[in-house]
Amino acid sequence: MDEAMREFPDADQLFGSDGSCVSETISWNPAVVDALRGLAGDVTPLQVIDLASAALPTTVGTRIVLGYEHSQRASTRFRAALWHLRARHAAGKVPPAGIVVSAATEESAQAWVLAAATTRTPATLLVPPALEAAVADLHRDGITLEVVDGGDLADRRDALTASGQVLVANPHDLLCAAGAGSWLHDLDSAMPDIGTVVITANDAALLLGTLVTAHRHHIKTVLVTRRGAAVPSAVQQALADGKQFPGLAGDGRRIQLEAVTVGDAQIETARAVLLRRGLAAGAEAAMALAALTSTSDGPLSGYRPERHEKVAVLLRWSADERRPTRTDDQTGTTGMCAQHGHGQRSSITVVDDTVARSAGIHSYLVDSGKDCYPKDIEIGRRLSSDCPSVQYSARAARAFLERAVHHLADVHGIAQFVELGSGYPFALNVHEVARAQQPTARTLYVDSDPVIAAHGRALLANIDGAFFAHADVTDTDALAREIAATMDTAEPIALCLGFVAEFVADPHMVVEAVSAALPGPIYWILSHVTTDVRRREEVDRAVEIYRTGGIEFHPRTKETIAEIVAPCELLSPGLVAATSWWPETASTDRIPTLPSANSDTHEDLCLAAVGRVR
């Protein structure tokens, strides 16, 4: 590209005297695209997930890539609003009084408030009465929320505009469209050679931006609508304008666009695929993926990719499925990320499903693979077939953890729990067990896997008292900081190491260091595979199987396991087999039971204990 093209255009080329965007080509000019690369510091990159074609039988031989908006800052709505405001600031076209925005949806309102806070732009947000409760917590310094009846909206908007503010929330705005389409630049850079991109048909700016960005990268766009649903008028206008894009794109090539329709059955199939991956499966996200679940002709045609074609599907942020608890204006993080101080500024995460992960294997062993990738399933199947006692013990350890949490919450009144190495969610999770006994209980989940962290934050975002921190169990300083940021450290806290210490080189150090760093009463819940068992050969075989997946598994003697909890005074019955730790409490509603260990088929290889630090 000619270096002169990299300079930001003169403000007069961008806007008219009234502040409106007047240029039809400037938003797509490579100079503008390059000049606004600074957005990378404020926008959270999409999480990129390589979905095995086997997940969708209709796409065998096709590579499916999911672009997952795992946080509000990764959303195309936020990109659109932020791009618009950044461009106006760069051109000096934001008046001192700021902007006025009309938001028709909760997602739009959140995006504009976050963009205004990020760019320190004074803003007035006009919302209909139906959104009043949903946006009540969006107040920020310099941002005013007004609830306006639809019939009065135009008058109120005109009054604010006349006073020197600028109306910017136009879904057909070219700057918004350019920002919304920037997601595809990121995805194409991370996963080149994409042939087709699949999006839903309910956002004009996203459609307009994706069409032009896809056109520049020689990518076809598939637009998905739900059977019987009306296509918004702004989207219809965007489609009409899209047919005129050869002039905007500047090369005269025809836009590649295909529209398909899906039904409820296809959407539910897609939702199940997403849930198996641990992804929050909102209706809009599932609708996009649903286009690939049907290959029949007729009104529900779906999209039929060519063999070996690479297809990218955009899974969009949904406030209904993943409602952030708050937005931090300074750090730019959202939801639980803000509560724990994690700025999501990292590079795009590409999930390599050819690498085994202990959390995925554990998910396979405990609940038969709801959250597994192919390599996890391969290792899990070998363990379950060659070492049946390992699978039995993983389930026994999970049942023990739930009984122990129940006991501490019920009998000892503990209302704060931290699960270290939490992995993927299960049918019954720690916060659910705790809250059944202590309605105000708080639970912090901690895991070092970035994929689990992204899923955990999204899935817990609308659950009171449940939080997620991305940290390594062995980084005890970070653990102490995360716990202090979430819990009342003067009150009792129970920390859980359930089927986790086996994957840590020095768990005694973790227990000792974290216990010393927290001032209040500390309890530990521990389960650990031991070598002091009859079926020792299964334990040794499990070590080798884990190692083939690049995972170090450390079963230990009973004496060594006792040293891990040496700082604690153990509650009765002490350090015993997981299935023997008060098994009668397993009859509590929703807490799973296991058959008794049978020496002919399997053995409980786990020792378990609960103790209070002296």
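**Close-up 1. Val127 and its contacts.** Setting aside residues up to four places away in sequence, Val127 touches Ala103, Val135, Glu146, Val147 and Val148, where a contact means heavy atoms within 4.5 Å. This is a predicted model, in which local features need pLDDT of at least 70 and side-chain atom pairs count only at pLDDT 80 or more, while totals for chains, interfaces and linings use all residues. Residues are numbered from 1 along each chain as its sequence is written, and side-chain values use heavy atoms, with hydrogens and water left out. You will find Val127 in strand S4 (residues 123-127); strands (E, at least two residues) and helices (H or I, at least four) are DSSP runs, numbered from the N terminus. Val127 is buried, with a relative accessible area of 1%; buried means under 20% relative accessible area, exposed over 50% and partly exposed in between (1.4 Å probe, protein chains only).

**Close-up 2. Helix H13.** Here 8 of the 10 residues of H13 (residues 358-367) are buried, so the helix is largely enclosed by the rest of the structure. Among the buried residues are His362, Ser363 and Tyr364.

**Close-up 3. Aromatic pairs.** Rings of Phe, Tyr and Trp (its six-membered ring) pair if their centres lie within 6.5 Å, with planes under 30 degrees apart counted as stacked, over 60 as edge-to-face and the rest as tilted. The count comes to 7 aromatic pairs by this rule. The ring centres of Phe400 and Trp581 are 5.5 Å apart and their planes meet at 80°, so this pair is edge-to-face. Phe400 and Trp581 are both buried. Elsewhere, ring pairs link Phe499, Phe503, Tyr546 and Phe553 into a cluster.
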